[in-house]
2 protein chains.
Amino acid sequence: MVKELRLALIGFGTVGQGLAELLLEKRDWLRAAYGLDLRLVAVATARSGFLARAEGLDEAELLRLAASGQPLTAYASAEVKRWPTVGEGLAATGADVLVEVTGTNLRDGEPGLSHIRQALEQGLHVVTANKGPVALAAHELLALAARKGVHLRMEATVMAGTPVLSTLREGLAGARILSLSGILNGTTNYILTEMGQGRSYAEALAEAQRLGYAEADPTADVEGYDALAKTLILAALVFGLPLRPEQVLRRGIAGIAQEEVRAAQAEGRRIKLVASLRLRGVGGLSQASAGGQAAELPVEARVEPMALPLDHPLARVDGVMNALTIESDTLSSVTVIGPGAGRRQTAQGLLADLLAIARSRS
Amino acid sequence: MVKELRLALIGFGTVGQGLAELLLEKRDWLRAAYGLDLRLVAVATARSGFLARAEGLDEAELLRLAASGQPLTAYASAEVKRWPTVGEGLAATGADVLVEVTGTNLRDGEPGLSHIRQALEQGLHVVTANKGPVALAAHELLALAARKGVHLRMEATVMAGTPVLSTLREGLAGARILSLSGILNGTTNYILTEMGQGRSYAEALAEAQRLGYAEADPTADVEGYDALAKTLILAALVFGLPLRPEQVLRRGIAGIAQEEVRAAQAEGRRIKLVASLRLRGVGGLSQASAGGQAAELPVEARVEPMALPLDHPLARVDGVMNALTIESDTLSSVTVIGPGAGRRQTAQGLLADLLAIARSRS
């Protein structure tokens, strides 16, 4: 017996197209292996508005339009209905799951935040790769999802499809998490790795930009804002804590000199940009107190370059790879290493979340 | 609203006691965080037979009896019912889940195999830390569980409570697994790590025995049988393949000389006992064909010492730590590193499985 999950996909950039590709490529296998039909019934972009077709949209046709630079409104079917906004389209369309993959906005989370709120209010499950809404409001949104009896999943927001959120919430169920330390930004890890091989910061950054790892304005990565957003998401999911950005001590890597990287190496250490969350009263890597944080917070949150000893599980995670080390009351240290970005890798996180929702409805 | 899951625990050695300790320690927190009451309604040992109490057994009293060397039949309650065998007790007792933690027997899987078969036939969920039954018959038992509409989970059989089976089946849902390579035996990894620091094989083995990592007869570990059992479990779970022990190429570490370990180090490599499963037609570490395996098997299965380059994610996993590297069609390489043994660590795997079953019934 094949079940069906009807998807409304908001955003059709790299990640949205990546998901459409996986749906197309894996359709037959997902039916056979999971008894599941993931049917794309709506897609929306800022340019084309909200398009829906109850029988399902053809991912190949959508991908062809996107690849040739055409608006999705050129989709060739009389049965497609259109609304100018996501709000109107969502209210009128019968989908089971909102897949929110519009661009990340760390200032106010919009427009994704409004999309997710509306979908949860309507009783839709939500799966997202958009860091903004969940970095700023995961606590509120998870509570709303719980009230409505639906799922809000966000695996793809931290380390793309590398399964860390599912590991923390499900794989490690029953363990009390004491601390997390992660390399959560591939761009900065690439730059630091290259600096370890003799390049200057400016050379390494330029190379990262040439390879497409860093943006023209690299601020969000190199100043630690991207890692900070992921830290906020982890704080909400793991510690149930609605941490605000200003409650996280943040230092980026832009000020690091090549000499510092080499000096650390000479001492058998590696400088990494480490995002960490630690329940207060539990020991760990960083013994210094975090200045500027209210003393009453139950968790200490930091994003900062650290010189890790070589036997630390994060020390040898190089290039664009990401990793998260989890300390708990039953398992001491568990580390998950994997890709932290990429079209297909991020879409994998969305797919795993969709399959988790399908599993819970069986 | 607190739900209840009623457990029948078969086996009260290290792992069974470890679970009883976690149930006792975490009862209040599990009720608060998961809305779940895990109630131990039966316990059985070879010495004391099968004891049951519908209102629940007191773990503290059971642990006290075990610690003082007394039989569990000395449990002080008139409401406890007794049966001489697990078969009779299970048939008469209303439990939701069988927790099977009798000793591993890799020859015929007994007595655990009979316990698990009976419980599944009765429509009980099963959670086990016992490698024997699932190494030899996971394929058959999973099919039986599916027919009966119940769960059979075995996280604790591979890398103790480090979440690898849940990662493969749930965290990576939707990804097609192409290959697995793992350090799945802590004893041999400890010995190889010590040899890398200058000890002879005999010295390292003696030290492992002194620390309790290796048994007086170390054959199961050093000849690769333990890693082979875990390979069979992974083959059944990940590839749906009922692999037999003789279909796995197996080489242990007993024949390795200190000079080989040092020579590999001099070349920037580390010798590790690697268990691997690889879909045929997919490239990887090992290019040589496996002698003695039927050509038609869709998966190549090996347990053997390998000299890994230092940038391989398993190369730096030292001491008793275990790790599994997973290659898939969407995520290239994901590695999970964590403890592979231990009383509390293994009980954590059972606990996570119990919570997964509870989640699926919500």
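The centres of domain 1 and domain 2 of chain A lie 29 Å apart, taken over C-alpha atoms. Domain 1 of chain A covers 3–161 + 344–360, and domain 2 covers 171–339. These bounds come from an automatic or database domain assignment. Across the boundary, 13 residues of domain 1 of chain A are in contact with 14 residues of domain 2 of chain A. Contact means that C-beta atoms, placed from the backbone, lie within 7 Å. Helix α5 (residues 131–148) of chain A gives the most to the domain 1 side, with six residues. That side of domain 1 of chain A divides into nine nonpolar, three polar and one charged residue. Here Ala, Val, Leu, Ile, Met, Phe, Trp, Tyr, Cys and Pro count as nonpolar, Asp, Glu, Lys and Arg as charged, and the others, Gly among them, as polar.

This is a predicted model: local features need pLDDT of at least 70, side-chain atom pairs count only at pLDDT 80 or more, and totals for chains, interfaces and linings use all residues. Residues are numbered from 1 along each chain as its sequence is written, and chains are lettered from A and ligands numbered from 1 in the order in which they are written.

**Chain A overall**

Chain A has 12 helices and 13 strands. Helices (H or I, at least four residues) and strands (E, at least two) are DSSP runs, numbered from the N terminus. The radius of gyration of chain A is 21 Å, close to the 21 Å from the globule rule for 362 residues, so chain A is as compact as a globular protein of that length. The radius is taken over C-alpha atoms, and the rule is 2.2 Å times the number of residues to the power 0.38. Among contacts between residues at least 6 apart in sequence, 73% join residues at least 24 apart.

**Two copies**

Chain B can be laid on chain A with an RMSD of 0.0 Å, by a turn of 180° and a shift of 0.0 Å along the axis. The two copies are thus related as by a two-fold rotation axis. In chain B, the C-alpha of B:Val336 is nearest the axis, 2.3 Å from it. Superposition is by least squares on C-alpha atoms of residues with pLDDT of at least 70 in both copies.

**A sheet in chain B**

Seven strands of chain B form an open, mixed sheet in the order β4-β3-β2-β1-β5-β6-β7. Strands pair if DSSP finds at least two bridges between them. The edge strands each pair on one side only.

| Edge strand | Residues |
|---|---|
| β4 of chain B | 81–83 |
| β7 of chain B | 152–153 |

Key
Two residues are in contact if their C-beta atoms, placed from the backbone, lie within 7 Å.
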